[in-house]
Amino acid sequence: MKDLVVFSGSAHRELAEEICAGLEVPLSWTDIKRFSNDCLQAQLGANCRRRDVYIIQPLVPPTQEHLMELLLMIDAARGASAEYITAVIPHYAYARSDKKDASRISLGGRLVADLLQTAGVTRILTMTLHSPQVQGFFSVPVDQLTAIGVLAEHYRGQDLTNCVVVSPDLGNAKEASVFARLLGVPVAAGSKKRLADDKVVIDSIVGDVVGRKAIVLDDEIATGGSIIELMNRLRDFGCVEASVATTHGLFSGSAVENLRKHPMITEVVTTNTVPSPTDWPELEVRTVAPLFAEAIARTHQGKSVSKLFRGVDPKYAPPPAPEGLW
């Protein structure tokens, strides 16, 4: 790990420390200072000149504060003559703002990509973008990891005889199909219509859930409105209980209370891409730090990151062995 330097903002230092432990490199010192006029300043406490710099900062609430920290740290690394600057963003909050679906509406996903590039980033490392097309907003390389394999490990070894993987909407059905294939169970999906940020309607379930236990897979849970609506529909369609799995467990507003008290939900499983709620001891949290550590190590060493997707994404299946030469 020669010439590799890792920094972290204030968004999720615990994850940064765990990633650095996997890399066997120290987490370098960062000073984020706030002046009396509420402006921020970032200072990096390690030599960056001609180094491969990684800055770990998920965009979690307060999102704008943490985004500004990230931009300032990137700018500081560029000003310190870093050779490469990789922004490690386990949760890219603006991925939902990816299309113009109303008049005179902003495209936050593209704007934040432009800001990161203007600040001086040379590569993005992230996980499970809500909208995969956000990758196209960047003119620098973007590696998008997946937590599907990490979440699947939680269920392996359990009796899945009467289980079905359920996606809250048809848009996430492809990801749910991959997850179901890993677990060897069937898949179903809800037909969802979003009315507002915290209000959705699911009017039907596509697939057989009668008498089955559901394993609900969603990429992100914020207010939990989609999950609660799905639970009600699954109950109506004859499902007996449900386990909920998500990559990004934001659990904002009353999400924790609503998910904990719903009679259909037996457990909630998430990863540590974002800080976990401190008032939910029964929440199952799976770590993605080894994935990010290996991705950083392979990037630093000039190796392919595709190896991390084999077995969890059909696109990266190893090619068939040649049958012989003609």
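Trainee: Which residues is Glu294 in contact with, leaving aside neighbours within four places in sequence?
Mentor: Start with the term: contact means heavy atoms within 4.5 Å. Now set aside the neighbours within four places in sequence. Glu294 is then in contact with Lys307 and Leu308.

Trainee: What kind of model is this, and what pLDDT do local features need?
Mentor: Residues are numbered from 1 along each chain as its sequence is written, and side-chain values use heavy atoms, with hydrogens and water left out. This is a predicted model: totals for chains, interfaces and linings use all residues, side-chain atom pairs count only at pLDDT 80 or more, and local features need pLDDT of at least 70.

Trainee: Is Glu294 buried or exposed, or in between?
Mentor: Glu294 sits in helix α8. Helices (H or I, at least four residues) and strands (E, at least two) are DSSP runs, numbered from the N terminus. Buried means under 20% relative accessible area, exposed means over 50%, and partly exposed is in between (1.4 Å probe, protein chains only). Glu294 has a relative accessible area of 32%, so the label is partly exposed.

Trainee: What distance separates the C-alpha atoms of Glu294 and Ile19?
Mentor: Along the chain, these two residues are 275 residues apart.

Trainee: Which side chain does the side chain of Lys303 join in a polar contact?
Mentor: Lys303 is in the segment after α8 (289-300). Its relative accessibility is 47%, so Lys303 counts as partly exposed. A polar contact is a pair of N or O atoms within 3.5 Å; within protein, one must be able to donate a hydrogen and the other to accept it, and residues adjacent in sequence count only if both atoms are side-chain atoms. Here the contact is 3.4 Å, and the partner of Lys303 is Gln301.

Trainee: How many residues of helix α4 are buried?
Mentor: Helix α4 covers residues 148-155 and is mostly covered. The buried ones are Ile148, Gly149, Val150, Leu151, Ala152, His154 and Tyr155. They pack against α5 (173-183), β11 (213-221), β12 (241-249), β13 (265-271), β14 (284-286) and α8.

Trainee: Is Thr247 buried or exposed?
Mentor: Thr247 is in strand β12. Beyond four places in sequence, Thr247 touches several residues, including Met127, Ala147, Leu151, Asp218 and Thr270. Its relative accessible area is 4%, so Thr247 is buried.

Trainee: How are α2 and α3 placed: roughly parallel, antiparallel or perpendicular?
Mentor: Axes are lines fitted to C-alpha atoms, for helices over the stretch in contact, and angles run from 0 to 180 degrees between N-to-C directions. The axes of α2 and α3 are 8 Å apart, at an angle of about 25°. Angles under 35 degrees count as roughly parallel, over 145 as roughly antiparallel, 65 to 115 as roughly perpendicular and the rest as oblique. Therefore α2 and α3 are roughly parallel.

Trainee: How many residues in the contact of α2 with α3 are nonpolar?
Mentor: Ala, Val, Leu, Ile, Met, Phe, Trp, Tyr, Cys and Pro count as nonpolar, Asp, Glu, Lys and Arg as charged, and the others, Gly among them, as polar. The contact includes Leu67, Ile74 and Arg78 of α2, and Val112 and Thr118 of α3. One residue is polar, two are charged, and the nonpolar count is eight.

Trainee: What is the phi of Arg50 near?
Mentor: Arg50 is in the loop between β3 and β4. Its relative accessible area is 68%, so Arg50 is exposed. Phi is positive in this residue other than glycine, near 60°.
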